[in-house]
There are 4 protein chains.
Amino acid sequence: MKEEKVFKDPVHKYIYVQDKTIWDLINTREFQRLRRIRQLGTSFLTFHGAEHSRFSHSLGVYEITRKIISQFERNRYEDWPQEERLLCLCAALLHDLGHGPFSHSIEKAFNTHHEEWSCRIVLGDTEVNEVLRRVSPDFPKHVAGVICKSYNKEIVVSLVSSQLDADRMDYLLRDAYFTGVNYGTFDLERILRVVRPYKGHIVVKESGMHAVEDYLMSRYQMYWQVYFHPVTRSAEILLQKIFQRAKHLFEEQYSFGFMLPPILSLLENRLTVDDYFLLDEAVMQTVLMFWCSEKDPVLADLCSRFLNRRLLKYTTMEKPSHALLQRVNSALLDAGFDPDSYLEVDFPSDQSYDIYRPGESDEKLPILLLDNKEGLTEISHKSDIVRSISGIHIGSYHLYYPEELLERMNQTEYTDVAELLNKRK
Amino acid sequence: MKEEKVFKDPVHKYIYVQDKTIWDLINTREFQRLRRIRQLGTSFLTFHGAEHSRFSHSLGVYEITRKIISQFERNRYEDWPQEERLLCLCAALLHDLGHGPFSHSIEKAFNTHHEEWSCRIVLGDTEVNEVLRRVSPDFPKHVAGVICKSYNKEIVVSLVSSQLDADRMDYLLRDAYFTGVNYGTFDLERILRVVRPYKGHIVVKESGMHAVEDYLMSRYQMYWQVYFHPVTRSAEILLQKIFQRAKHLFEEQYSFGFMLPPILSLLENRLTVDDYFLLDEAVMQTVLMFWCSEKDPVLADLCSRFLNRRLLKYTTMEKPSHALLQRVNSALLDAGFDPDSYLEVDFPSDQSYDIYRPGESDEKLPILLLDNKEGLTEISHKSDIVRSISGIHIGSYHLYYPEELLERMNQTEYTDVAELLNKRK
Amino acid sequence: MKEEKVFKDPVHKYIYVQDKTIWDLINTREFQRLRRIRQLGTSFLTFHGAEHSRFSHSLGVYEITRKIISQFERNRYEDWPQEERLLCLCAALLHDLGHGPFSHSIEKAFNTHHEEWSCRIVLGDTEVNEVLRRVSPDFPKHVAGVICKSYNKEIVVSLVSSQLDADRMDYLLRDAYFTGVNYGTFDLERILRVVRPYKGHIVVKESGMHAVEDYLMSRYQMYWQVYFHPVTRSAEILLQKIFQRAKHLFEEQYSFGFMLPPILSLLENRLTVDDYFLLDEAVMQTVLMFWCSEKDPVLADLCSRFLNRRLLKYTTMEKPSHALLQRVNSALLDAGFDPDSYLEVDFPSDQSYDIYRPGESDEKLPILLLDNKEGLTEISHKSDIVRSISGIHIGSYHLYYPEELLERMNQTEYTDVAELLNKRK
Amino acid sequence: MKEEKVFKDPVHKYIYVQDKTIWDLINTREFQRLRRIRQLGTSFLTFHGAEHSRFSHSLGVYEITRKIISQFERNRYEDWPQEERLLCLCAALLHDLGHGPFSHSIEKAFNTHHEEWSCRIVLGDTEVNEVLRRVSPDFPKHVAGVICKSYNKEIVVSLVSSQLDADRMDYLLRDAYFTGVNYGTFDLERILRVVRPYKGHIVVKESGMHAVEDYLMSRYQMYWQVYFHPVTRSAEILLQKIFQRAKHLFEEQYSFGFMLPPILSLLENRLTVDDYFLLDEAVMQTVLMFWCSEKDPVLADLCSRFLNRRLLKYTTMEKPSHALLQRVNSALLDAGFDPDSYLEVDFPSDQSYDIYRPGESDEKLPILLLDNKEGLTEISHKSDIVRSISGIHIGSYHLYYPEELLERMNQTEYTDVAELLNKRK
């Protein structure tokens, strides 16, 4: 490019684009579509500022990757494979390309996987694919390989996907910024200064251990304060219930009063890359809005609750017994609610977010410290604080139910259920 | 309310709700709808962080108003009519209730007015109206009066709508925060300390003059850096062209391949409050997306340009002569573009944003300084800097056109046009 | 006061003074003296921004206390003894009044205690005492009682001095701000919202547990990143060595080439309140500067090292054996350095800063959570993260020595010492 | 250097040192002395956070210069003379080396000039000179040349000293940070991106005009809100009065009860570079403190006022007539105050700070915009806002006098004076 381009960004101040390929990728229709997918799904119903899109996050991941590589180049580290630069940048930019609207709920209800979709879009007949092919015919395959972690150089994969990757570093800072909580802030500039390539890994200089501790503590707090927030979970559960109900109705050959093509493909389980392009949050919200008038009362009610933010209430509890759940089921049925659509027991750590737990069967590459004698040690062996955090399994069970249950149910008959619900936090 | 409720807000840290009425208003479906309308319309196409909604802005306006009133009460100012507290808070919260999707473009194309719609919603058969009526039967009318500036106490109106109102103070800070530019920041806390009620007006202690200067300079910069940004304008113009084309097609009884009910009502010019509820940005974007496949090539092309961010290019110029415009028209026609849909000459100050210009026929109440001898002076009489800013009429003409024009047109025939477009900034 | 006064403060934005007594206290010569004592002693030699004074910190502690009490009053909590307001504010403002220059080093070398001096100044013939007596004859005694923790109401003492007191909350935020590290930031506004008076204690609503965790994690990081920083410690040790040498010379009746009255009183161990007023960092630095030319070469050299920031180097190690220390001693002596003045083994947790360790013989009141059933629980029983942090005893031994040692000593004779020093971090 | 070194800095996050020469300069005793000189002189008496030193500012100026040059090198601008890099960095770092304690007051009272002293230190028998000579024998002379603006390449001088130099950019940001006012913040990163070397000048790309406007507006506000603050001026005036009195007493052969060598040299007007090294704010404050007990009552009283912050009061007024001043003089004399020591009429723009006024006999190089056609234009020809600001001559006269005057003077005799003083702001 003749001249570097910049984007104004609230988190990184500016995002610098220096390669024509990156510029062209940003301008593809598939990448622009990410403007229509919120980064945090339903979190905006808990934190009203969290309305930022995956578009801005993707630019942020790209920018952090660019900064790391540029530091590697400036210091002329021998262990850095310079020829991988553009591949890293493209994979960083495109890693979230396959996210659909409200991913967490959709993936659960329809068993889709956003990484798989990212690869399908990269490899399919798309503008993104065309731009990548201009680099070299094999380039789309390499990019897809990095995104799906099958690329054969760990050092490349780990920049985009590891326990200390550009993805997490950007989303912690960005989500903290847009929600307004200050738990997610850590010293990015310092971390950038202490990571380096070393024998095929990305490692951290031992003197940077405290900065990494701070990063991991921020992550820990963000998970519990933001990502696992029970109100956000309540909205996600509602969405899942909506999709399950729609799927059920579809399988029962219910005739929908309102339908849009990409949603139909989703229900038919035959989404193409072209359909997927149409599947954004605007379409999803539009369908939810018109379904508020569906003749199926359950679907209509669930959609209306979601749209007007009348979410399911929750109560915090120990792991519930089968007997107790049966009682709640009965109470719901007696009050006129179908438990399949109006009851959920949720345990946060079931979710796809992860806390740093080295040693567990975690697919993410761990954080390695490099000491003066050139030895590598997984960080929790050196840091008491990391060891402490990674051993903690907080999280209690939450039971979600419609607010009206308490009024409608027979409180004398269901004293046990009433007691459970009344002690709600 | 038993206990005050809080919302986490990135701009004000927390938003405090202490009245049941406010809490209930926030939970109405009409207010929740504001989550689906972006605060800055098309600005997110220029500043990708600007994805925040009118919901968060409305809470912010409420919060600033609450802080001002709470300061008035704490200081027991005699000139403050305490009985107007709840009215002010409700009007502050609801003043933007009538905003539709991409208001600026829609209002221009369909001649609607958001303030009018705010009042229709407040007075109509809505959940908001019901909550307000619980305060007193006349209360909705009073709230509408404040929003439409017909309420008979200037002091109440001016908190919500004047040159130094809670609305502007919130949007400058909020838009600066979400775009990431730091032009819009000023010392809110200091301004809150220097405003006070005085003989029916809201005035500023003279010692606070510099803080107000700083606020006005921030506003000045925000207008030129953000609100009048030519790329944002380009997107707004594209939307207007889309709506004009759709209106034109509708009038010609074109049969749309895709249509949604509220859009139809809009085209038929018979929007009801119920239709209006459905008219959010999700619906609008969904229609734009499906119109990309309309058989009318102009509509399809314009929609696709908007959705995939292939905006019209612009060139900066002196006021163009009629002759020159005719030449551009011809060049467009020869290149196969309908000038009605692909050409626009724009002059920023035509727009609805306003710069502080005391004395001009501005409906907004001016800023008054209160000196030690209890005299009131309009600020530009005391502040050189305000006088300087308010006298400035920057702004040049921008001519918007499709990027392909340069390639497609006959450059030998249209050397004058080519020269004009080539010197583009 | 006719009108509230404000101070612009970088940490709290503004500090509000609403009581004549507070205003008068700030204007006493004893309180103004705090402008001449740095908050963080020698830390400015590590973090050059850390040049802020105890004056600004004292205002900050006052402001946080004011905010807490004002929240108590606004919510009309019955368990809050309203009559104690002014006492709390005065104690908060004055609690650090007795700090001398470079307190940590001076207190160690001369066995003084700043809290004791705070009380002597409050009770002595001072302007502060005069202002306090105007409130009531017993008032100075009550203020001294709160500062020295002998006052008979725990709730009053704990606002100023406990594990979650206004003192710590201000210094973490302030020290983070001025050093520029971002470890010390936590959500003050949220903590202020969740503390409340309860049966004679200051407690935290259980829902505020995560905010307190975040505060304790910040504190943990600040201790290891800032307060225990080995370079800062090196400067403190150098000062101690200087004072010890001066004391030794004084006891040996050495005739000082330069002396100032308050330093003489300090050496003679007969400091009066009047002398103490003169003992600020300007005087101390002036003496250190002129002592660079003392004829005693050790004193002159130590002072010159401190002033020109040629600090002792350090090496990190396991707890050193007596034999090893003897070897280092010999190496120093052979190289011409008196070990008493040029060698120190330091272990951070020996210091007066403390980490949250409930249960240990800690004089600070612990943090209590108040649950919905009105039960009180010490926080580490509910929070895994607090339990984890409080169990950690990091900290390694540091051996401080003059940089020249390595060059000057016989490396063949002292291979063990050379090896120890060469592996320095 | 083997490895780049960093300083943690609150304003720039980190300051990067990559050259051994810079590292060695920072560690000289003359540069370390700047830790003992406050950046803003007496401003800490108005803004208690403003306790930062010239040491941290000097590092900041160096860092901004380093960033600008590094951008020039990254873009391989041909107009940038690469061989001047180290010279620029050294001059940036050392430009304030000659500042004494409370420079403004001292320079006025003793007619010294800090730039001259910077050069004397650079050229004298100092550690700084020694480090610079290691680069080349002529190097100290070149550095002094840049500092005193006699060096023959404008482009080098203008980085350190022009209307848009690293010096001003750092002090605006730094002073805003430490005082806590937010007037001084502007988008440094954007300005760094739009400056470039062009035909021997440092110029600004035209598209960066708004960023420069914002910088100039920040500067404007900082001057009026911070640098010209009447309370700060009051403290400066008091210091001048103290120095004048001391000089007068010295000339009268008054025998001082307390004296320190560098102060004596100052009074004798025979300061050497060695004396100058000793002349820091600690020494100055120590002298002021002990002079509180001088037998000359005027000197003792003035010093005590300064030290305990009992500053002169002020009244704002139109330019006072000679007759009126005579009346104030008489009133002072009658009340027992020597007008020479207790009265001052001050007009801010007399001061050494400057506002951007292109065209006036200003030694600072103006700001040039570079347009697409490679033309250079002084910014006020293109920017209405700059033209507006630079034309403004605000500033009113302030008359400073002792607070006790009003009580002590005969109000019936001096009704005119009483009226003047009573209307004080």
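**Exercise 1. Find how much area chain B and chain A bury between them, and which residues of chain B lose the most.**

Step 1. About 3700 Å² is buried between chain B and chain A, and carbon and sulfur atoms give 58% of this area. Buried area here is the accessible area (1.4 Å probe) that two parts lose on being put together, summed over both.

Step 2. On the chain B side, Arg35(B), His48(B) and Glu51(B) lose the most area to chain A, together 19% of what that side buries.

A note before going on: this is a predicted model, in which local features need pLDDT of at least 70 and side-chain atom pairs count only at pLDDT 80 or more, while totals for chains, interfaces and linings use all residues. Residues are numbered from 1 along each chain as its sequence is written, chains are lettered from A in the order in which they are written, and side-chain values use heavy atoms, with hydrogens and water left out.

**Exercise 2. Describe the contact between chain B and chain A, residue by residue and pair by pair.**

Step 1. Count the residues: 46 from chain B and 46 from chain A take part in the contact (heavy atoms within 4.5 Å).

Step 2. Look for salt bridges (a side-chain nitrogen of Lys or Arg within 4 Å of a carboxyl oxygen of Asp or Glu). There are two between chain B and chain A.

Step 3. See which element leads. H16(B) gives the most to the side of chain B that touches chain A, with six residues; helices are DSSP runs (H or I, at least four residues), numbered from the N terminus.

Step 4. Sort that side by residue type: 22 nonpolar, 13 polar and eleven charged.

**Exercise 3. Now work through the interface of chain A and chain C.**

Step 1. Here 19 residues of chain A are in contact with 19 residues of chain C. The buried area is about 1900 Å², of which carbon and sulfur atoms give 54%.

Step 2. Check for salt bridges: the count between chain A and chain C is zero.

Step 3. Find the helices involved. Helix H12 (209–227) and helix H20 (384–391) of chain A each supply at least two residues of the side that touches chain C. The largest share, nine residues, comes from H12(A).

Step 4. Sort the chain A side by type: nine nonpolar, five polar and five charged.

Key
Ala, Val, Leu, Ile, Met, Phe, Trp, Tyr, Cys and Pro count as nonpolar, Asp, Glu, Lys and Arg as charged, and the others, Gly among them, as polar. A polar contact is a pair of N or O atoms within 3.5 Å; within protein, one must be able to donate a hydrogen and the other to accept it, and residues adjacent in sequence count only if both atoms are side-chain atoms.
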